[in-house]
Amino acid sequence: MRAFLAFGTSSTTIGPALAEHIAFLTCGRIHPDDAQEARNLIAEHWTRCDGFADSGPLLAKSWKRLGYISDTKGPLPAEMIVYRARYKGVPDRGLSWTLSLDIARWYVDYLGGSRARLCGMPTHLDREIVTQTVPAAEVLGWFNERGEHEIVLAPTRRRKQVRI
């Protein structure tokens, strides 16, 4: 963990730094200590990350090798409906979804707000909510530290998404 903390701690730098460090720990044959360090880093820092942008696919690839990670007790349902706020017409490489339509609505507003602008997001674009049904086996993580009922999914084109 000491090596990761040297990267910086702002919410916009944690995401890319975390993705790079996790990729380093999980490249090639994974030593059990490195795998545990990577799981601990994700569990500790995931909910403080913003602006993964191009780092999302790299992190998802590494995360798949580590397996399911959560800060939430209890099993996932066998299948769940998840929601995501996103910009219309922009390729979506995001990992974060929510089990709550209300949280997705909050994020639609967030994507057009001043915090998103500070993170370098294109706040002038139209926004939308999409939904999909996913099996528990495709979930990389489940986090509820911030009350967002966040489900982490690897980006994929196989799942059908519906606009709300």
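In what order do the elements of the chain run from the N terminus on? They run α-α-α-α-β-β-β-α-α-β-β-β-β. This is a predicted model, in which local features need pLDDT of at least 70 and side-chain atom pairs count only at pLDDT 80 or more, while totals for chains, interfaces and linings use all residues. Residues are numbered from 1 along each chain as its sequence is written, and side-chain values use heavy atoms, with hydrogens and water left out.

**View 1. The whole chain, with its 6 helices and 7 strands.** Helices (H or I, at least four residues) and strands (E, at least two) are DSSP runs, numbered from the N terminus. Of the 164 residues, 41% count as buried, where buried means under 20% relative accessible area, exposed over 50%, and partly exposed in between (1.4 Å probe, protein chains only). The accessible surface comes to about 9200 Å², and carbon and sulfur atoms hold 53% of it; areas come from the Shrake-Rupley method with a 1.4 Å probe, and for residues only the protein chains shown count as cover. Among contacts (heavy atoms within 4.5 Å) with a separation of 6 or more, 70% link residues 24 or more positions apart.

**View 2. The largest nonpolar core, with 13 residues.** A nonpolar core is a set of buried Ala, Val, Leu, Ile, Met, Phe, Trp, Tyr and Cys residues joined through side-chain atoms within 4.5 Å. Look here for I42, W63, L140, F143 and V152, which have the most contacts inside this core. The elements giving it two or more residues are α3 (32-45), α4 (56-66) and β5, and α4 gives the most, with 4 residues. Another core, of 10 residues, lies apart from it and includes V82, W142, I151 and L153. In soluble globular proteins, nonpolar side chains tend to be buried together.

**View 3. Strand β2 and its partner β4.** β2 is largely enclosed by the rest of the structure, because 7 of its 9 residues are buried. 9 bridges join β2 to β4 (residues 127-135), and the two strands run antiparallel; strands pair if DSSP finds at least two bridges between them. Y87 has R127 as its bridge partner in β4.

**View 4. R86, a residue of strand β2 (residues 79-87).** With a relative accessibility of 16%, R86 counts as buried. Its side chain makes a polar contact of 2.8 Å with the side chain of E128 and another of 2.8 Å with that of Q161. A polar contact is a pair of N or O atoms within 3.5 Å; within protein, one must be able to donate a hydrogen and the other to accept it, and residues adjacent in sequence count only if both atoms are side-chain atoms. Not counting residues up to four places away in sequence, R86 also touches others, including D92, L111 and V130.

**View 5. W97 in strand β3 (residues 96-98).** W97 is buried, at 5% relative accessibility. Beyond four places in sequence, its contacts include V82, Y83, V130, H149 and I151. C-alpha to C-alpha, W97 and V130 are 9.5 Å apart in space and 33 residues apart in sequence.

**View 6. The loop between β5 (139-143) and β6 (150-153).** H149 of this loop is partly exposed, with a relative accessible area of 32%. Most residues other than glycine have a negative phi. The phi of H149, though, is positive, near 50°. E145 has its place in this loop too and counts as exposed, at 54% relative accessibility.
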